[in-house]
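Biologist: I am new to reading strands and pockets. Can we walk through a model together?

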Amino acid sequence: MKIPDFILRLLPGRKGASQPRTRRRHIRARYTLISALLLFVSGLCVIMLINTTVIHADAWNAKGRMSLNDTIPVQPLRGEILASDGSILATNLHYYNVRIDFRASKLNELRYLESLDSLADTLARYYPRRTRAQWYEHLYAPMRKPKAKRSRSYLVLKHIPFEEVERVKRFPYFRRWKNRNRTGLTTERVLLRRYPYGDMARLSIGRVGETAANPEIRGISGLEQALDTMLYGRPGRAARVLFTRGSSFWTTEPPRNGTTLTTTIDITMQDILEHELGRTLVECKAEWGSAMVMEVATGDIKAISNLDRDTVSGRGGYIEAMNHIVQAYEPGSVIKVISMLNALNKGWVNLNATYPIGHSYAYAGGKPIRDTHSPASLPVSRFMEYSSNIGMTKLIAPHYSDSTLNDFRADLRELGFFDRFNTGMARERPPYFPTLDPRAGGRVSLSRMIFGYATQVPPLYTCAIYNAIANDGRFVRPRLIKAMRRPDGTDSVIPVSYVRDRICSEENAAILRRMMHSVVWGEGGTAKGLRNDIVEIAGKTGTAGIALERPRDKDGRLILTSIPFKGGYREGKHNRVAFCGFFPYDNPKYTCIVVISDPQGPYGPAATSGTVLRNFALKLYSRGMLDNVTSLDEAPPAKGATHPTLYGSNDPDRHATMRSLLALDGRRLGLLRTPRPTPEGTVPDVTGLGIREALVRLESAGLRVNFSGTGYVTAMAPEAGSPVKPGTKINVTLSQN
């Protein structure tokens, strides 16, 4: 086929052209072609523009409006939870996730593979959650895939603080380049809820998390759940808007941050209570223990602890689990104070009247009621001292006939005993007293209610009534929250409130306090072992068999099963023991209840629950927290130790272990020491101990401790072995040298 001449003429540089061509003609030909192409593309653009802006303008405008109508929620900043002194119990902190983009445009794969050994070594050193081999495998795994299928956000470290992020950037390979396109290193900032004091008062403060019903981070237990609406705040909204380089989200309605709550928890008291409860549980090998401290005048819950035996991790010991303070149990003999309170209000009590007691008493044809503590006869004023079941039944039960059996419950209702306290603790429930039917053993059930059976009462409610008695009959409402700080910065103090202005007269409250005083200080008191010359305690012991209960989860919710539940009590000698009381007796400042489930061995309520309360009171005294002042407050300055001490402990096993690990012979044993024994009534030897072990020994001796420095005890004044009186202030110096 012959090519036309006019086409051949357009082709530049062709040899053998029929006509000569100049340079200008070549340039003109090229510009002509380019201009034609530009005209063609411009025409297409005009056609598309007309099609978009004129012909189909309505459809495109609708799509634009839809894209700009996209909105997303803006999460508010959750309010903090503070202790009574302003210490932070729950707050929000920023953490970072470290990731690698294995599809980064300039990722140097060869350098990355060469650095894997040293990078895995470094990560294993600083983050030993994985071994070196495991880190190597974790970092190498993405490289086995084709580049197009590798992750763009491969997680390396999760939830680390900013200073650790800066350290990771100095790890092998990452420190070679600052450009993240070459290393693939990226960071993602996340906001997390953190609790600086760890598990301290964990169940009261609560925790946050996601649920199946709500993917947002909301409260799931404790105060975090009960006051979630206030803490959470109100979400804002962000809408998509147009910018110069595309569209993005812009906050149109700012979020309202949550309210900061100030609790009544005292960190020092909380630490003491948890330590004493935990130590007693370990000693008596109990199933669980629960304790709470209230301030008499205000109802402030100053400390609360719930410890269950750890059956999950396999490490043993006790951990925070279910909040037993708000769970209802048969209270045992601690209910007798409340029964006596009702009898006093009704005018049925003659303190000088004497009742025959004996060892058993069959009331209304039921199983005989037995007394294990009481003599043949007792005056009413000593019923509490001997914890007489028979005496309480004979005093109260005859006043209720078949037609008025439920008046006992009605009398307690008038006291406010069934009112919800709304303390802020999740799943708080009121006491349960069943409706009695005289045709179904109602009179027998009433007699059991009087001394703590056939009913269920949360320890919170028992403690609140005892607190009212210590408060001259004024029934102050227990509370965990005392102030709020709104997002706008305004503070709001929550005033002290009352369930009832008065549940009894001051005279009747004084009578009950004397009865509880005799429980500890009376000749036949069931808690005589709690006597001490430092803090005078009054209270009531209680023991109850452990009823079989429906299974519950760790938060106290019933676990529903298809198997029918059969009631009754645990077989064998399984008891739940309690002690509830107040101190100091002359001027009550705090009320405390301690409940311990199933202590093993010869442990009664005084030796377990009562001991926790007594030791707690003594430690408050030793720290000057009971408004106590001694004439020996000014202790002499501590003198220097005669020789250095590397480590000291009350535990001989720890001492032997340290000596073995450090390979110390007898000549160098001075670096390690076990405190020498000192006579009773003198200053214990704590030289070489850490502050916690030193405080335990000194405060158990009734001393008030003032310490300075860090490390181990190197000096103390008065010196070990010096005779002192309880309440004496002692200066302790710690050093790391």
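Biologist: Which residue in strand 4 stands opposite arginine 99?

Modeller: This is a predicted model, so read every value as computed from it. Arginine 99 faces leucine 155 in strand 4. Strand 4 covers residues 154-160 and runs antiparallel to strand 3, with four bridges joining them.

Biologist: What other strands pair with strand 3?

Modeller: Strand 5, residues 185-194, pairs with strand 3 in the antiparallel sense over 10 bridges. There, tyrosine 96 stands opposite arginine 189. Strand 2, residues 81-82, also pairs with strand 3, residues 88-100. That pairing is antiparallel too, over two bridges. Leucine 82 is set opposite isoleucine 88.

Biologist: How should I read the side chains along a strand?

Modeller: In a regular strand, side chains alternate between the two faces of the sheet.

Biologist: How many residues lie between the strands in the hairpin of strand 2 and strand 3?

Modeller: Five. One of them to look at is glycine 86, which takes a positive phi near 95°.

Biologist: How do the lining residues divide by type?

Modeller: There are 16 polar, 11 nonpolar and eight charged residues in the lining of the largest pocket.

Conventions: Residues numbered from 1 in each chain as written. Predicted model: local features only at pLDDT ≥ 70, side-chain atom pairs only at ≥ 80, totals over all residues. Heavy atoms only, no water. Nonpolar A, V, L, I, M, F, W, Y, C, P; charged D, E, K, R; others polar. Pairing = 2+ DSSP bridges.
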